[in-house]
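Subject: Structure for you to look at

Hello,

Here is the structure I said I would pass on. Please open it first, then read the notes below it.

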Amino acid sequence: MRFQAPQLGALGVTFTVMRASQFACLISVIGLCANFINEIATAEHSPPSELVGALTVAVTAIIYVIITYILYYDNMLSMLTTAGLDSLLLVASIVVASLIGKPLSMLNCAALPSSEWSSGLFSSAPSPIRSIITKTVSYISFVLLDQTTCYQIKAVWGLCITICLLFAFSTLACLGLWQRIRRETKNKDIEG
């Protein structure tokens with residue numbers, strides 16, 4: 001049994017490259033956000049909603065990316081529906097990127113203290129870092145924790161922006177593939 005991807009020309013290759021790039025970016029976002037949430041949870045605090053939202057959208061998106069590529073590979077994917085779902089994930093990615101990046105745009109990570117200085121900061125966190133009542137870590141205070149955290153959260157922000165672009169391009173590729181498949185089907189019906 002030989003496996004072969006659908007032969008849909010440059011748009012088919014574009015769709016495959018978009019899905020592979022989305023997969024790589026989403027895995028990176030999941031890894032970074034999960035690490036942040038793990039560190040915060042280990043210190044017995046609640047993570048900021050921005051990180052939980054980013055992780056939720058990334059996990060949902062990666063499941064969608066895997067399933068749609070499998071269906072595409074087996075020629076069972078409705079491209080018009082996929083374009084609509086890709087555009088919904090584009091909107092979700094834009095929301096995540098804007099929430100993650102809101103306090104980061106003017107932040108200079110090099111001006112923050114190094115990682116060695118802030119070790120153990122969660123255990124003795126004063127009120128700016130977490131709320132005394134809820135033990136929830138403030139997102140802005142978390143970002144300002146140290147240089148390493150700042151650079152990593154900026155990496156998450158950059159990956160979220162990249163994911164937005166990838167979903168925009170994959171939406172366009174799906175619309176092009178839908179048009180191509182529709183035209184080929186119409187031509188086969190006319191010839192037959």
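Leaving out neighbours within four places in sequence, Leu 51 is in contact with Cys 33, Phe 36, Ile 37, Ile 40, Ile 100, Tyr 139, Phe 142 and Ile 153; contact means heavy atoms within 4.5 Å. This is a predicted model, in which local features need pLDDT of at least 70 and side-chain atom pairs count only at pLDDT 80 or more, while totals for chains, interfaces and linings use all residues. Residues are numbered from 1 along each chain as its sequence is written, and side-chain values use heavy atoms, with hydrogens and water left out.

Leu 51 is among the residues with the most contacts inside the largest nonpolar core, together with Ile 100, Ile 153 and Phe 167; this core has 39 residues. A nonpolar core is a set of buried Ala, Val, Leu, Ile, Met, Phe, Trp, Tyr and Cys residues joined through side-chain atoms within 4.5 Å. Buried means under 20% relative accessible area, exposed over 50%, and partly exposed in between (1.4 Å probe, protein chains only). Two or more residues of the core come from each of α1, α2, α3, α4 (139-143) and α5, and α1 gives the most, with nine residues. A second, separate core has eight residues, including Leu 8, Phe 15, Leu 77 and Leu 177.

**The chain as a whole**

The chain has five helices and zero strands. Helices (H or I, at least four residues) and strands (E, at least two) are DSSP runs, numbered from the N terminus. Of the 192 residues in the chain, 35% are buried. Among contacts between residues at least 6 apart in sequence, 82% join residues at least 24 apart.

An unreviewed UniProt entry places the feature "transmembrane region" at residues 12-37, 52-72, 79-100 and 155-178. UniProt positions are given in the numbering used here, feature names are shortened, and annotations may be inferred rather than shown by experiment. In the model, residues 52-72 are 100% helix and 0% strand, with end C-alpha atoms 30 Å apart. Residues 155-178 are also 100% helix and 0% strand, and their end C-alpha atoms are 34 Å apart.

**Val 65**

Val 65 is in helix α2 (residues 49-73). Is Val 65 buried or exposed? Its relative accessible area is 2%, so Val 65 counts as buried. Not counting residues up to four places away in sequence, Val 65 touches Arg 19, Gln 22, Phe 23, Leu 26 and Phe 167. Gln 22 is 43 residues from Val 65 in sequence, yet their C-alpha atoms are 7.5 Å apart.

**The cavity**

One cavity of 30 Å³ or more is found in the whole structure, and the largest cavity has a volume of about 70 Å³. On a 1 Å grid over the protein atoms alone, a cavity is a set of points where a 1.4 Å probe fits but cannot get out; lining residues have an atom within 4 Å of a point. Grid points are joined across faces, edges and corners, and a volume is the space filled by probe spheres set on the points. The lining includes Leu 26, Ser 93 and Cys 160. α2 gives the most to this lining, with four residues.

**Two loop residues**

Glu 44 lies in the loop between α1 and α2 and has a positive phi of about 60° although it is not a glycine. Asn 75, in the loop between α2 and α3, has a positive phi of about 55° and is not a glycine either.

Regards

Definitions and conventions: 1 Å grid on protein atoms, 1.4 Å probe; cavity = no way out; pocket = protein on both sides within 12 Å on 5 of 7 lines; lining within 4 Å.
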